[in-house]
Amino acid sequence: MDEKPTTRKDSGFCSLRYGLALIMHFSNFTMITQRVSLSIAIIAMVNSTQHQDPDNTSTEGPLTDPLSNQSRSIKDFGTRAAVYQWSTETQGIIFSSISYGIILTLIPSGYLAGIFGAKHILGAGLLISSLLTLFTPMAAEFGVILVIAIRTVQGMAQGMAWTGQFTIWAKWAPPLERSKLTSIAGSGAAFGSFIILCVGGLITQALGWPFVFYIFGSIGCVCCVLWFTVIYDDPMNHPCISGKEKEHITSSLAQQSSSPRRSIPIKAMVRCLPLWAIFMGFFSHFWLCTIIITYLPTYISTVLHVNIRDSGVLSSLPFIAASSCTVLGGQMADFLLSRNLLSLITVRKLFSSLGLLLPSLCAVALPFVTSSYITTIVLLILIPGTSNLCDSGFIINTLDVAPRYASFLMGISRGFGLTAGIISSTTTGFLISQVGHVIEHLQVAGF
């Protein structure tokens, strides 16, 4: 794991592999916006200021928007959206249902992607997730049970799309560029969170909450076209790759074992302590991140008493910091490696430690600074930002430890992470119903 890779140069950022990283950035952007759409829309979907019928049924009526009085016809068409009576416990189950779906397909899809190739498995997952996002408003009309079912199946589709990416990078990413390439691709999730939280509230007020799903579901369909057109499993088979880049990739990966895998060494993996460290890192990382992604809009809206439009803008700020830290962390990690300033294992430990310790300290401090609006916002920005330093730590460590089984191990790792997400989002919904808001659970999350 600490072997010094070769340092051949080629066209760098103008190369095809960086184009693939941008496509993966766009696909991760799409999936996270589809996942977080409900967290934004649900503020309007369960708007307690409007009259509601006693059942799970909805009341029809336009959401109030003081900026649209001069455009009555557009308002009547776009903002006449249903409002539902979903308790905080029910909302917690809805939020966690997508995690249940993801965890069902993480390991199988990671294994199959390693055998049959990631392009079609990931592309199919992205397409299914996009179509189900478009169907979500209709599902809500039929009841909360169908919404939970839709979100669960959508989670299964996204589970297919998340894990297989490492199968592609195992063949496309030179060792000294792994942090940069994976951070560019992975930052799409944070940037997607920034965009959906920034514009989701505006879309909800201007057009109505169903359009949050329609817009980002449609973007996902466009992304599928790009995915199936540009992505290839192996640089040897890509029709557009230059000979220089192909030679650079193959020579840099020459020391990496390329023999076909006939079986997975499960016993050896179970006894491997570094793998367990990676699994526990994922559990801790996802525990806090799931709470932030899921409940940050609700927290800002209800605890800081910010309206839905400004709530989305404020909720988006932590994730532009997270996206920036992801890319900068990848650049810094590969810089330390390429200059031989630190060994590979030291770099992974350093970024893993910073990505776990710093956001936890911010979460623990949050309940003690509620009297200061500015300090609260700063801490909320720092939590996702510093947390994404893990992307250059244990999150890509499976590519170093066992590149042939990277997708399979990523599936297990994300399984640990999603288990933490299920527990944290469900218990947060319960605690909110008991204590009134999410801040106490954020403090528990830090521990």
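Me: Buried means under 20% relative accessible area, exposed means over 50%, and partly exposed is in between (1.4 Å probe, protein chains only). What makes Thr163 buried or exposed, then?

Reply: This is a predicted model, where local features need pLDDT of at least 70, side-chain atom pairs count only at pLDDT 80 or more, and totals for chains, interfaces and linings use all residues. Residues are numbered from 1 along each chain as its sequence is written, and side-chain values use heavy atoms, with hydrogens and water left out. Thr163 has 0% relative accessibility, which is under 20%, so it counts as buried. Thr163 sits in helix H5 (residues 144-163); helices are DSSP runs of H or I with at least four residues, strands are runs of E with at least two, and both are numbered from the N terminus. In sequence Thr163 is 247 residues from Met410, yet their C-alpha atoms are 5.8 Å apart.

Me: And why does Asn340 count as buried or exposed?

Reply: Asn340 comes out at 52%, over the 50% mark, so it is exposed. Asn340 lies in the loop between helix H12 (308-338) and H13. Its phi is near 55°, positive although Asn340 isn't glycine. Most residues other than glycine have a negative phi.

Me: What makes H4 roughly parallel or roughly antiparallel to H8?

Reply: Axes are lines fitted to C-alpha atoms, for helices over the stretch in contact, with angles from 0 to 180 degrees between N-to-C directions. Under 35 degrees is roughly parallel, over 145 roughly antiparallel, 65 to 115 roughly perpendicular, and the rest oblique. H4 (residues 118-142) and H8 (residues 210-230) have axes that come within 8 Å and cross at roughly 160°. That puts H4 over 145, so it is roughly antiparallel to H8. Their contact has 16 nonpolar, 8 polar and 1 charged residues.

Me: At what angle do H1 and H7 cross?

Reply: The axes of H1 (residues 16-45) and H7 (residues 178-207) cross at roughly 30° and come within 6 Å.

Technical notes: Nonpolar A, V, L, I, M, F, W, Y, C, P; charged D, E, K, R; others polar.
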